[in-house]
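Me: I have a structure open here and would like to talk it through before I set anything up. Could you walk me through the fold?

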Amino acid sequence: MYTSFVKFSFIVAIFFFALACKKKPKEEKTNKVHTHHGMAHTHYTAHQKLDGHKLIFPSKTPDRIIANLTEDPAHSFAINWRTNQQIKKGILQIAIATDGPEFALDNIREILAKTQSFQNQNRHEPMVKANFHAVLVDSLQPNTTYAYRVGNGVVEQNELWSEWFQFTTAKTADSKDPFHFIYFGDAQNNIKSMWSRVIRSSYKKLPEVDFMLHAGDLINDRDANLEWGEWFYAGSFIHATVPSMMTPGNHEYRNDSLTVLWKPQFNLPQNGPTPSVSETCYAIDYQNMKLVSIDAPALDPNHEDGHAQVQWLDSVLANNTKKWTALTLHYPIFSTVKDRDNKSLREAIKPLIDKYKVDIVLQGHDHTYARGAVANTPQGATNVDAVGTIYTVSVSGPKMYQSKDQEWMKRRGEFTQLFQILSVGQDTLSYKAYTPIGSLYDAFDLVKKNGRKTLIEVSETIPERFKNNVLK
Ligand SMILES: [Fe+2]
């Protein structure tokens, strides 16, 4: 009996000793600072905070609702959204919008989404399980404003539906009216905190914008659900109202693999050369412009898909009948920053840009601003086409590098967040770069008439911003 009592006391003592020794759980750091390319940025571990929780985890109500351009934007558009896995079915309702609420009373078309169960866990983040829903809405009328919403299909459960969004289809190819799109360089870091004002300011500047173009590095850490949550939060209803197209950057890739979230989240054209660059390398026609996305991180001349992309681009441009041609890719053909030259990329792509006289190349990656032109003829040859191709590098997020002045550059900038509005008409492509406070930073008109291309500078009096004159 006594022995049992001693044994029991010993066990109790051990238990309390172990309890006393047990370390308090470490508090999670919210902003662990890493450095990358010499610039600090945050990694997130704060998912237990309410805000992080809302940005990461889905619920029964649709979130991350985004419209994407299709190959035929006058007659179709693509919508993706996310719910938790309790919502097994996704339904999109659509009707021609009316002045009053009558559009919602009858004649609503319902489309069943393709639903994909999906889970991913990135580094220190928790596992996120979601259902992603995708709808391609076709048979639409051009230049028509539609109202649509997404939900679980049960009309009585209003709380499980999105609000009604409005979306206007493109005009037909023969339209004489100009269209407008907004191009963004890298958002990438501190997206909710510092990029939100850029996309919102761009929408405020031009709410009738037809689509938005993101030139890669939308986020910093490929599969980080919190960062993607911040990107969707920043754009909010704009993503559901203005269709987007995006080309991937190196930060959407890791170890040669595209983020697992790209294809569930987006519904981009699948007309590229190989399945592995489907929805990253593709072409669309928007009214009188052809716009091509090249998957720059997958473009390695030694890589099977790299060669396939070059061959494909050659055939796409050879068959191009559009008056204007724009190319987007993340890595710049001409880097703005010292020691970041992309020689093999330039050797692979520039001969085709020259051969087909691409009008403008929209790029990111270098976290500075530069815009200039390079002749389409080899150096020293008679330059019949005086303008050549316009090359731009821009940045919309807060991470900033310094650039190096080069002969091709006409305008340059550092430490400046920017968005660019491109208006494409019959004879004129008008380009304007704005800061988030709405100041014009760069502008030119490209005029193509009677077989001749002319560049008209309209921003020469605007002072350039450099790190040294911004941070005194
Ligand atoms: Fe990049």
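This is a predicted model: local features need pLDDT of at least 70, side-chain atom pairs count only at pLDDT 80 or more; totals for chains, interfaces and linings use all residues.

**Strands, sheets and core**

Me: Stepping back, how many helices and strands does the chain have?
Reply: There are 9 helices and 26 strands in the chain. Of its 472 residues, 44% are buried, and among the contacts with a separation of 6 or more, 68% are between residues 24 or more positions apart.

Me: And the largest nonpolar core, which residues have the most contacts inside it?
Reply: Those are Ile-79, Phe-181, Leu-213 and Ile-294, in a core of 108 residues. Strand β8, residues 128-137, gives the most to this core, with 6 residues, and the core draws at least three residues from each of domain 1 (57-168) and domain 2 (179-470).

Me: What is Ile-294 in contact with, leaving aside its neighbours within four places in sequence?
Reply: With that exclusion, the contacts of Ile-294 are Thr-247, Cys-281, Leu-299, Gln-309, Leu-313, Leu-327, Leu-329 and Ile-349.

Me: OK, on to the open sheet of 7 strands; what is its order?
Reply: It reads β16-β17-β18-β19-β21-β20-β22, with mixed pairing. The strands at the edges are β16 (282-286) and β22 (409-413), each with a single partner strand, so one side of each is left without a neighbour in the sheet. From one strand to the next the twist averages 15 degrees.

Me: How many bridges join β16 to β17?
Reply: There are 5 bridges between β16 and strand β17 (residues 289-293), which run antiparallel, and Tyr-286 stands opposite Met-289 in β17.

Me: Then which strands pair with β19 in the parallel sense?
Reply: Strand β18, residues 324-328, pairs with β19 in the parallel sense over 3 bridges, and Thr-328 has Leu-362 as its bridge partner in β19. Strand β21, residues 389-393, also runs parallel to β19 and is joined to it by 4 bridges, with Ile-360 standing opposite Ile-390 in β21.

Me: Are the β19 side chains buried or exposed?
Reply: All of the residues of β19 (360-363) are buried, with Ile-360 and Leu-362 pointing one way from the strand and Val-361 and Gln-363 the other way.

Me: Where does Gly-364 lie?
Reply: Gly-364 lies in the loop between β19 and β20 (369-374).

Me: Why does Gly-364 count as buried?
Reply: Gly-364 counts as buried because 31 other C-beta atoms lie within 10 Å, where the cut-off is 20 or more. Leaving aside neighbours within four places in sequence, the contacts of Gly-364 include Gly-185, Asp-186, His-330 and Val-393. Asp-217 is also in contact with Gly-364; the two are 147 residues apart in sequence, yet 8.0 Å apart in space, C-alpha to C-alpha.

Technical notes: Residues are numbered from 1 along each chain as its sequence is written. A nonpolar core is a set of buried Ala, Val, Leu, Ile, Met, Phe, Trp, Tyr and Cys residues joined through C-beta atoms within 7 Å. A residue is buried if 20 or more other C-beta atoms lie within 10 Å of its own, exposed if 12 or fewer, and partly exposed in between; C-beta atoms are placed from the backbone. Helices (H or I, at least four residues) and strands (E, at least two) are DSSP runs, numbered from the N terminus. Domain bounds come from an automatic or database domain assignment. Two residues are in contact if their C-beta atoms, placed from the backbone, lie within 7 Å. Two strands pair if DSSP finds at least two bridges between them. Axes are lines fitted to C-alpha atoms, for helices over the stretch in contact, and angles run from 0 to 180 degrees between N-to-C directions.
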